[in-house]
Amino acid sequence: MRRADAMLLLCVAAYGAYAFAAGSSYTLRVFSVAGIYALAAIGYQFIFGQAGALSLSQGVFMGVGAYASGILALRFGLGFDAALPFSVGVPVLLALAVAVPVLHLRTHYFALATLIISQMVLLVAVEWQGLTGGANGIGGIGGITILGMPIRAGWPLAATVWVCVALGAALSAWLMRGRAGHAYAVLREHPAVAGAIGLDGGRMRLAAFVLSAAFAGFAGSLYVHVIRVISPDVLGFPVMVTLLTIVMIGGRLGVAGAVAGAVLVIELPEWFRPLREYTLLVYGAILLLVVVAAPGGLVGALRLLLPDRAPPAPPALAASPALAELSGLAALSGASGLLLEIDGLARHFGGVRALGGVSLGLRAGEVLGLIGPNGSGKTTLVNCVTGLVAPDAGRVRFAGADITGLRADRVAHAGIARTFQTVALVDDMTVLDSVAIARPRTDFATARAQAMTLLDRLGVADIAQRRCGGLAYGLRRRVEIARALALQPRLLLLDEPAAGLNETEQADLSRRLRGLAADGAALLVIEHNMAFLAPLADRMACLDAGVLIAQGTPAEVQGDARVIEAYLGRPAAVSRPA
Ligand code: ADP
Ligand code: MG
């Protein structure tokens with residue numbers, strides 16, 4: 001656990017000890033409610049924190065769990081524990097119903113959908129009087145019983161709630177340890193990269209949303225047996241705002257943030273009674289303050305103040321197997337025929353023709369240089385091949401299979417890796433983890449050991465434990481290439497890999513890329529820098545306004561009249577080889 005998180009949890013424990021020692025039934029009841037909100041907030045962190053998607057239905061999931069448990073208790077005499085499959089299951093089903101159609105959109109539609117479903121649930125709760133008691137709700141719900149044993153109000157109840165919080169926190173931390181936590185970091189900070197390294201973002205967001213609903217339902221069922229009445233208030237917006245405030249103040253990531261945030265937000269109004277009428281207003285003001293002053297919440301701010309001691313040593317560099325062995329490239333080198341066949345690929349954006357029917361082929365072991373003026377469609381070509389952008393027309397075949405329009409993560413699994421024109425690494429993640437996360441089909445420890453080999457291959461093994469945020473540009477480029485290689489690609493697409501590198505770094509990169517091709521990988525390299533590209537490429541192709549205007553050896557293409565006219569001859573054109 002990080003030091004800052006441990007510190008926060010200690011503070012909560014100290015406050016808890018005080019609440020138990022003081023022992024007034026009111027104090028313990030408030031502390032129990034804080035625990036219940038902590039559970040719902042731990043759940044909310046999955047979707048809002050880890051997956052980075054704004055959901056506005058966490059409060060309603062909690063309310064639905066409360067209604068399910070309360071109604072089952074009153075109408076069928078089911079105890080808290082016997083009702084759990086329903087109080088957790090109903091919000092989970094509701095989450096699935098909302099999410100399956102909209103979650104892949106990853107836009108404001110998702111927030112909107114969660115808002116609409118919340119209003120609908122509220123309407124049902126008010127109108128379906130026979131079941132829910134309508135606007136008045138239902139009272140007379142019993143306390144918590146476990147295996148038929150009633151839990152007394154006061155400290156036994158508070159202790160039960162907080163044992164549940166501890167279990168929920170442990171489950172959340174366990175789920176997000178190792179690869180999963182890193183995968184969510186990539187998804188939330190660089191969604192395009194997530195697909196490119198083979199992560200199924202839609203499925204990950206769905207999992208996070210369902211988990212958040214399950215935690216909320218569980219919290220709701222505790223709530224109804226602690227408060228013992230239920231009314232549509234529990235489905236109202238103030239509950240959602242409270243959860244949002246808790247997570248913003250405590251921190252969107254890290255269970256310590258959810259727990260500390262819940263205790264703060266639920267307990268504070270008790271300390272400032274006269275302000276209670278203005279609770280929402282005060283929450284709003286605090287929220288604004290936090291967003292501006294400490295966007296990472298309490299946990300984020302504390303982590304900055306209390307940095308962790310040096311991370312554990314990286315795995316030892318094994319007697320390095322050849323990359324070919326590691327990535328299965330050897331089997332392919334020397335294979336005849338085209339590895340990548342692009343046929344008539346077209347894509348428009350509104351009125352802009354980004355690609356107007358491009359056909360290209362690439363063999364294993366070959367380096368193809370792709371040049372062309374800015375806006376000529378080079379990046380769009382790579383995006384269409386890698387599934388980031390769907391082509392309007394044309395086909396892409398890879399290793400004999402049609403991969404046209406395939407989703408990005410499936411393209412990655414098929415053996416195509418890429419880097420991005422703008423380096424896209426997670427600042428807070430170490431170099432080693434950034435690469436290991438892309439390593440498929442192994443446990444994370446093995447992935448990290450193999451990532452060391454790749455870092456060594458790119459000459460950056462010595463910075464394995466550094467965080468990506470502080471790295472010089474040239475190093476970031478190399479880490480990104482190592483990450484792409486971790487996918488075991490047979491085809492590597494590099495979008496302006498030498499941009500921003502000095503001449504020594506360029507020469508070094510060029511040598512390493514040639515090495516990859518010698519191992520049997522096919523490389524497509526987009527570059528403006530002819531001094532870098534011409535000696536590296538076996539063949540070159542030039543795009544202009546979405547159309548291929550020349551193809552051939554580097555010398556042929558550089559000497560082509562149309563290429564000179566469209567691209568090389570321009571004043572901005574780049575140094576030619578000496
Ligand atoms: P290059 O990489 O050769 O500089 P791009 O492939 O990035 O060119 O862009 C080709 C054309 O398509 C440009 O006119 C660009 O503005 C347009 N374009 C690319 N991506 C998008 C997008 N997502 N939305 C709208 N227009 C785009
Ligand atoms: Mg580009």
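I began with cavities and pockets: on a 1 Å grid over the protein atoms alone, a cavity is a set of points where a 1.4 Å probe fits but cannot get out, and a pocket is an open set with protein on both sides within 12 Å along at least five of seven lines. Lining residues have an atom within 4 Å of a point. Grid points are joined across faces, edges and corners, and a volume is the space filled by probe spheres set on the points.

I noted that this is a predicted model, in which local features need pLDDT of at least 70 and side-chain atom pairs count only at pLDDT 80 or more, while totals for chains, interfaces and linings use all residues. Residues are numbered from 1 along each chain as its sequence is written, chains are lettered from A and ligands numbered from 1 in the order in which they are written, and side-chain values use heavy atoms, with hydrogens and water left out.

**Cavity**

I counted one cavity of 30 Å³ or more by this rule. The largest cavity holds about 40 Å³ of space. I listed its lining as Val193, Ala196, Ile197, Arg418, Phe420, Arg483, Ala484 and Leu487. Helix H9 (191-196) and helix H20 (473-486) each supply at least two of the lining residues; helices here are DSSP runs (H or I, at least four residues), numbered from the N terminus. I sorted the lining into six nonpolar, no polar and two charged residues, where Ala, Val, Leu, Ile, Met, Phe, Trp, Tyr, Cys and Pro count as nonpolar, Asp, Glu, Lys and Arg as charged, and the others, Gly among them, as polar.

**Second largest pocket**

I read a volume of about 670 Å³ for the second largest pocket. Its lining has 23 residues, of which Val33, Tyr37, Tyr223, Ile266 and Arg276 are the closest to its centre. Two or more lining residues come from each of H2 (25-50), H10 (201-227), H11 (237-250), H12 (255-271) and H13 (279-293). H2 gives the most, with five residues. By class I found 16 nonpolar, three polar and four charged residues in this lining.

**Helix packing**

I looked next at H3 (residues 58-76) and H4 (residues 80-102), whose axes come within 8 Å and cross at roughly 145°. Axes are lines fitted to C-alpha atoms, for helices over the stretch in contact, and angles run from 0 to 180 degrees between N-to-C directions. Contact means heavy atoms within 4.5 Å. On the H3 side the contact includes Phe61 and Leu72, and on the H4 side Phe86 and Pro91 are among the residues.

Leu94, Val98 and Val102 of H4 meet Phe110, Ala113, Thr114, Ile117 and Val121 of H5.

**Domains**

I took the bounds from an automatic or database domain assignment, which gives domain 1 (3-305) and domain 2 (322-427 + 490-575). Their C-alpha centres lie 47 Å apart. Twelve residues of domain 1 are in contact with twelve residues of domain 2.
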